[in-house]
Amino acid sequence: MTRTERTSVLITGGNKGLGFETARRLGDLGWTVFLGSRDVRRGQAAADKLAAGGADVVLVQLDVTSDASVTEAVRLVREHTDQLDVLVNNAGAPGRVVPPADATADEIHGVYDTNVYGPIRVTHAFLPLLRKADNPRVVMVSSAGGSFAVVTDPEQPVSRMHELAYSSSKAALNMTTVRYAQALPEIKFNLTTPGEVANHTFVATDMNGHTGQLNVTEGTDSIVRLATLDADGPTGIFVDRLGPVAW
Ligand SMILES: NC(=O)c1ccc[n+]([C@@H]2O[C@H](COP(=O)([O-])OP(=O)(O)OC[C@H]3O[C@@H](n4cnc5c(N)ncnc54)[C@H](OP(=O)(O)O)[C@@H]3O)[C@@H](O)[C@H]2O)c1
């Protein structure tokens, strides 16, 4: 199969964790994987591993906080294809967990730059390529912490975790995604959290010092599901691997 006949996906933060596992699973389906990594060396090591497993992978240097990097990423992807079927906005930054009283605007800005402006920057830049696809899909990797319903549920551990930057950035990402979905019905925009909200579980990755209860394959079930939606699939939904997540 030639590259133009394959389904294509760009994954931000694809060098490790959930992004890498998403790349591995979609590569296994025979897709062309544009593997985003802000660091070329880490990205190349990840791309080599995927290629050794048989994937059709193209490394794309991509720092979601940099307009120049995103512009260059579009140029590189265009060298390989004139359309993009799927964009997975996976890259994320946790920020420091500090009580709201100690949170500074500078720190919040850094987290928002990655978790909110990053997906907007990348989505906006790749819209022309997405629009050329028959069934374009954008998957936003959010968090249970971005759900008002979860954060205000006293049964949920996150309700007792006093933190401002990360959860509010993911809440902003959720609204951003809903607004995209409403305005652009020709493209599916869906959200997922990698953990299991009902079971209060999350996924063992570097982001949490590998303290999560789920592995990355379980953690990417919902990402893969949203990435592989049929043309008649939903848009504007928020799910985990078990089903819908309350807003
Ligand atoms: N693990 C969970 O249970 C869980 C739960 C809820 C939500 N999430 C979300 O899942 C996504 C993936 O996280 P993970 O758990 O797989 O963590 P991870 O292993 O720490 O991976 C984070 C990825 O994001 C990349 N990244 C950070 N800032 C970036 C930037 N400015 N530009 C490009 N890439 C950047 C990192 O690149 P470097 O290697 O260069 O740092 C890395 O590839 C995040 O959006 C996170 O918020 C995870």
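Two strands count as paired here if DSSP finds at least two bridges between them; helices (H or I, at least four residues) and strands (E, at least two) are DSSP runs, numbered from the N terminus. The model is a predicted one: local features need pLDDT of at least 70, side-chain atom pairs count only at pLDDT 80 or more, and totals for chains, interfaces and linings use all residues. Numbering runs from 1 along each chain as its sequence is written.

Strand 2 (residues 32–37) is a handy place to start. On one side, strand 2 pairs with strand 3 (residues 56–61) in the parallel sense over six bridges, with Val57 of strand 3 as the bridge partner of Val33. Strand 2 also pairs with strand 1 (residues 8–11), again parallel, over four bridges, and here Leu10 has Phe34 as its bridge partner.

Strand 1, helix 1 and strand 2 form a right-handed β-α-β unit, right-handed meaning that, with the strands pointing away from the viewer, the path from the first strand over the helix to the second runs clockwise. Strand 2, helix 2 (residues 40–52) and strand 3 make a right-handed unit too.

As for burial, six of the six residues of strand 2 are buried (20 or more other C-beta atoms within 10 Å of a residue's own, C-beta atoms being placed from the backbone). Thr32, Phe34 and Gly36 are buried on one face, and Val33, Leu35 and Ser37 on the other.

Then there is the ligand, surrounded by 31 residues (C-beta atom, placed from the backbone, within 6 Å). Gly13, Gly17, Gly92, Phe202 and Thr205 are the closest. Helix 1 (residues 17–28) gives the most to this shell, with three residues.

Definitions and conventions. Buried ≥ 20, exposed ≤ 12 C-beta atoms within 10 Å, placed from the backbone.
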